[in-house]
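Subject: Structure for you to look at

Hi,

Here is the structure I promised to pass on. Please open it and keep it beside you while you read my notes below.

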Amino acid sequence: VCSSDLKNKYFVNATVRRDGSSRLSEGNKWVNYGGIGVGWQISAEDFMKHSKVISDLKLKISYGSAGNENVGNSYEARELFGGITYNGKGGLALTNFEKPDLSWEVRKTANLGLDFGLLKDRISGTVEIYSATTQGLYLNRQLSGTNGVNAILTNLGKLRNNGIEVAVNADIIKTKNFNWQL
């Protein structure tokens with residue numbers, strides 16, 4: 001993690017991480033992730049210092065990725081056999097196929113936001129626009145079942161989320177003995 005700010009106006013934050021999981025197939029156990037975010041405290045600029053309406057204004061943008069390896073069973077990527085009884089006789093049967101390509105779900109997110117404060121921060125909030133794409137979603141692909149296994153877990157899915165989030169806070173009444181916030 002690396003964070004820096006310059007004159008309390010410009011901010012940079014960067015992260016890099018390496019994750020490993022024994023639940024995934026050989027060759028797909030390790031992955032690198034990272035992210036970067038930058039911000040500009042606009043209200044700290046000289047041209048904003050005398051504003052009577054805007055008390056805080058910050059523009060921020062970020063991009064990063066993260067992973068998920070929660071496939072349940074620690075042996076999900078391996079071929080497994082289990083005991084069965086057929087016509088009174090014991091034996092082994094295939095209970096899980098080997099999955100040589102089972103890997104991480106990866107989510108990549110971009111975010112653009114604006115934090116604001118008005119009237120000495122009596123009204124404050126944030127507006128954020130985001131776009132996130134998750135690739136390699138874990139989905140069970142249905143099989144015929146004639147081989148003893150009804151489904152196989154694979155990285156088949158892809159999901160995209162886009163949206164806008166808005167949050168507003170307000171100090172409706174603010175006195176020495178009473179504070180009503182919304």
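Start at asparagine 111, which sits in strand 7. Keep in mind that this is a predicted model. Asparagine 111 has a relative accessible area of 17%. The cut-off for buried is under 20%, so asparagine 111 counts as buried.

What does asparagine 111 touch, beyond its neighbours within four places in sequence? The list is Lys60, Ile61, Ser62, Glu128, Ile129 and Tyr130. With glutamate 128 there is also a polar contact between the side chains, at 2.8 Å.

Lysine 60 belongs to strand 4, and glutamate 128 to strand 8 (residues 123–142). The pair therefore ties together parts of the chain that lie 68 residues apart in sequence.

Is lysine 60 buried, exposed or partly exposed? Its relative accessibility is 22%, so lysine 60 counts as partly exposed.

Lysine 60 has another partner. Its side chain meets that of aspartate 115 in a salt bridge of 3.1 Å, N to O. This pair links distant parts of the chain as well: lysine 60 is in strand 4 (residues 54–68), aspartate 115 is in strand 7, and 55 residues separate them.

How many salt bridges does the structure hold? There are 7. One of them joins the side chains of glutamate 76 and lysine 99, at 3.0 Å from N to O. Both partners are in loops. Glutamate 76 lies between strand 4 and strand 5 (80–86), while lysine 99 lies between strand 6 and strand 7. They are 23 residues apart. Glutamate 76 is at 14% relative accessibility, so it counts as buried. Lysine 99 is at 5%, so it counts as buried as well. As for shared partners, salt bridges join Lys60, Asp115 and Glu128 into one network.

Next, the strands. Strand 7 and strand 8 pair in the antiparallel sense, over 13 bridges. Find glycine 117 and you will see serine 124 of strand 8 opposite. The hairpin of these two strands has 4 residues between them. In that hairpin, leucine 119 takes a positive phi near 55°. Strand 8 also runs antiparallel to strand 9 (residues 151–174), and 19 bridges join the two. There, threonine 126 stands opposite alanine 167 of strand 9.

Now the rings. The structure holds 1 aromatic pair. Which way do its rings meet? The partners are tyrosine 33 and tryptophan 104, with ring centres 6.0 Å apart and planes at 75°, so the pair is edge-to-face. For that label the planes must be over 60 degrees apart. Tyrosine 33 is in strand 3 (residues 30–41), and tryptophan 104 is in the loop between strand 6 (89–96) and strand 7 (105–118). The two are 71 residues apart in sequence, so this pair also ties together separate parts of the chain. Both tyrosine 33 and tryptophan 104 are buried.

Lysine 58 lies over its face, 4.6 Å from the ring centre.

Best wishes

Definitions and conventions
Residues are numbered from 1 along each chain as its sequence is written. This is a predicted model: local features need pLDDT of at least 70, side-chain atom pairs count only at pLDDT 80 or more; totals for chains, interfaces and linings use all residues. Side-chain values use heavy atoms; hydrogens and water are left out. Rings of Phe, Tyr and Trp (its six-membered ring) pair if their centres lie within 6.5 Å; planes under 30 degrees apart count as stacked, over 60 as edge-to-face and the rest as tilted. Buried means under 20% relative accessible area, exposed over 50%, partly exposed in between (1.4 Å probe, protein chains only). A charge sits over a ring if NZ of Lys or CZ of Arg is within 6 Å of the ring centre and within 35 degrees of the ring normal. A salt bridge is a side-chain nitrogen of Lys or Arg within 4 Å of a carboxyl oxygen of Asp or Glu. Two strands pair if DSSP finds at least two bridges between them. A polar contact is a pair of N or O atoms within 3.5 Å; within protein, one must be able to donate a hydrogen and the other to accept it, and residues adjacent in sequence count only if both atoms are side-chain atoms. Contact means heavy atoms within 4.5 Å.
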